[in-house]
Amino acid sequence: MKKVTAWSSRDFRRIWGATTASALGNEVGELALPVLALVWLGASAEELSWVRVATFLPYLALTLWIGVLVDRHPRRPLLIGAEAVSACVLLTMAGLALVGSLTIPMLIAAAAVLGSMAVLHMLADFSFVPLVVSREQLADANARITATQSAIGIGGSGVGGALVQWLSAPFAVALNGIGRFLAVALICRVRTPEPTPEPSTDSTLRQASEGLAALARHRVVRSLAAEATAWNLGNEVLMLALTVAVVQGHPSGPLALGVILMAGGIGAFLGASLSSQLTATFGYGRSLIAAMTLGNTAPLLGVLLASDTSTRSLVVLGVALLASGVGVGVANSQAVTVRQLTVPEPLRGRVNAAYRMLSWGALAIGALLAGSLVTTWSWWPAAIVGATLMAASTLPVALSPVRGMRDLADPS
């Protein structure tokens, strides 16, 4: 009997296409915004850190409240609105940069709006995908999305670096905006009916706190949240340090940075491809912890062996991110599926909001820390601090009930 996959759902194919278009544009923009700040506007490392803080501060300040919004309203209109606003902001930024009117404060404000829309999209998409596919198709749906995003990481970083290097950062930002409009067009064609959320007489604060309480009670999801929080904090410090070092210290800075990040995307694609096989062979818990150990420790080894921006050091960093990507790719789709399956649908948006507030809110703190460390110590010591935090992030999961889980149906 032929296995039914998520690809058999026409609406899932549209959601997948929208996610792909948005992710591809975002991959290009991930390189374009720092280069826009550093090269086009002449920002310092500290000013770049404030752009990053503005991008991720909404995860700390708004996530819980947006989680309540997602649980109380249809998700498709929220996704459309988030992508449309992001597209308009990106195209406006590109236009202002090209006519010489963009400033650092304007870039910081735009980053805050983009970060807010990213929170809305992430929470709405997390709760919407399980409605578009069946429970049996959900793991396959998440694996396909993860593998696609990893593949985009392979080509997107390299293409993004080349576009920024050869065409300039504003044009790369504009391409990001065009990708968001394509995502809007695809989401508009999704026809899956959504259940009408039940009205609640509880206050918004009480509803938001329910998500935090549910996360705190669930030992597996709680450990995954702790790992993601520590990893993101360290990774933000590491990435900002590397961005400043490579863009300012190498003749082909944007292109070289894109190639290094592309190595991580290759690893993540390979890891996502191996994820199901490793789980079937070794069990969920052991394969996840082994993957996290590899993915979280490899960057520290790479940074310790690469103390400058010479070609040899950049090759070492690329190999380290390749190995790290394999580990991250194995774990990512599994962790998302566990969180979706173990949380009741009426609470799904709020629990995911609590998870994202902790894990992605750490990026704002990491950006502040990175700006201070790079300014005070230079990029290499800052990168060591970030990579050490990443290596330590495996401990919460290794010491949790995850190590005894045999498959995705056993998230006790």
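Arg-75 is buried, at 5% relative accessible area. Keep in mind that this is a predicted model. Which residue does Arg-75 meet in a salt bridge? Asp-71, with 3.5 Å from N to O. Asp-71 is buried as well, with a relative accessible area of 5%.

Asp-71 has another partner. Arg-350 forms a salt bridge with Asp-71, and here the closest N and O atoms are 2.8 Å apart. Now look at the elements. Arg-350 sits in helix α13, residues 345-377, and Asp-71 in helix α3, residues 63-72, so this pair ties together parts that lie 279 residues apart in sequence. Both Arg-350 and Asp-71 are buried.

The salt-bridge count comes to seven. Another one is local. Asp-11 pairs with Arg-14, closest N and O atoms 3.5 Å apart. The two share helix α1, residues 10-40, and stand three residues apart, about one turn of the helix. Are they buried or exposed? Asp-11 counts as buried at 9% relative accessibility. Arg-14 also counts as buried, at 12%.

Next, the surface. Arg-10, Arg-13, Arg-189 and Arg-191 gather there in a patch of positive charge. Take Arg-191. Its place is the loop between α7 (169-187) and α8 (204-217). Arg-191 counts as exposed, because its relative accessibility is 56%, and the cut-off for exposed is over 50%.

Last, Ser-223. This residue lies in helix α9, residues 219-249. Ser-223 is buried, at 6% relative accessible area. What does Ser-223 contact, leaving aside neighbours within four places in sequence? Pro-396, Val-397, Ser-400 and Val-402.

Key: Residues are numbered from 1 along each chain as its sequence is written. This is a predicted model: local features need pLDDT of at least 70, side-chain atom pairs count only at pLDDT 80 or more; totals for chains, interfaces and linings use all residues. Side-chain values use heavy atoms; hydrogens and water are left out. Helices (H or I, at least four residues) and strands (E, at least two) are DSSP runs, numbered from the N terminus. Buried means under 20% relative accessible area, exposed over 50%, partly exposed in between (1.4 Å probe, protein chains only). Contact means heavy atoms within 4.5 Å. Patches are made of residues with over 30% relative accessible area and no salt bridge: like charges are joined within 9 Å, nonpolar side chains (Val, Leu, Ile, Met, Phe, Trp, Tyr) within 5 Å. Accessible areas come from the Shrake-Rupley method with a 1.4 Å probe; for residues, only the protein chains shown count as cover. A salt bridge is a side-chain nitrogen of Lys or Arg within 4 Å of a carboxyl oxygen of Asp or Glu. Lys and Arg count as positive and Asp and Glu as negative; His and the chain ends are not counted. The place of a charge is taken as NZ of Lys, CZ of Arg, CG of Asp or CD of Glu.
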